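Me: Walk me through this one, please.

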Amino acid sequence: IISFYPEKDARVMDFFGGSGATAHAVVDLNKEDGGKRSWILVEEMGSTFHKVLVPRMKHADPSNNFSTYEVETVP
C-alpha cells in the first residue's frame, strides 16, 4: 500500500506500531526504489516495543538510523 503513494520522501505514521511491520515495509521499499521515506510508529505496550519492535528494526535497518522516544510509563 505504501508503494502506491507517489512521493518517495513521504512520512508514514502508524499509531499501532505493534511488531514494526509498517516501518519494516518502509525500510524495504526505500532499499528497493531509492526512496527517502521516513516512519513514525506509536506503540503503547512497552514490552512489545522493547522485545519485538526495536530488535526487528535493528535487523531491518542495520545502520540503526532511527530514534526511540519514551513519553510515558504507566504501571
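Me: What classes of residue make up the lining of the second largest pocket?
Reply: The lining divides into 3 nonpolar, 3 polar and 3 charged residues. Here Asp, Glu, Lys and Arg count as charged, Ala, Val, Leu, Ile, Met, Phe, Trp, Tyr, Cys and Pro as nonpolar, and the rest as polar. This is a predicted model, with local features needing pLDDT of at least 70 and side-chain atom pairs 80 or more, while totals for linings use all residues. Numbering starts from 1 along each chain, and side-chain values use heavy atoms.

Me: Which residues line that pocket?
Reply: Val-27, Asn-30, Lys-31, Gly-35, Arg-37, Trp-39, Asp-61, Asn-65 and Phe-66 do.

Me: Which element gives the most to the lining?
Reply: That's α1, with 3 residues.

Me: New topic: how do α1 and α2 cross?
Reply: The axes of α1 (residues 21-33) and α2 (residues 46-60) cross at roughly 5° and come within 10 Å. That makes the two helices roughly parallel, a label for angles under 35 degrees.

Me: And which residues make the contact?
Reply: From α1 it's Ala-21, Ala-23, His-24, Val-27 and Lys-31, and from α2 Arg-56, Met-57 and Ala-60, with contact meaning heavy atoms within 4.5 Å. By class, that gives 5 nonpolar, 1 polar and 2 charged residues.

Me: What's the average pLDDT of the chain?
Reply: The average is 87, and 92% of the residues score at least 70, on a confidence scale from 0 to 100.

Terms used. Axes are lines fitted to C-alpha atoms, for helices over the stretch in contact, and angles run from 0 to 180 degrees between N-to-C directions. Helices (H or I, at least four residues) and strands (E, at least two) are DSSP runs, numbered from the N terminus. Angles under 35 degrees count as roughly parallel, over 145 as roughly antiparallel, 65 to 115 as roughly perpendicular and the rest as oblique. On a 1 Å grid over the protein atoms alone, a cavity is a set of points where a 1.4 Å probe fits but cannot get out, and a pocket is an open set with protein on both sides within 12 Å along at least five of seven lines; lining residues have an atom within 4 Å of a point. pLDDT is the predictor's confidence in each residue, from 0 to 100.
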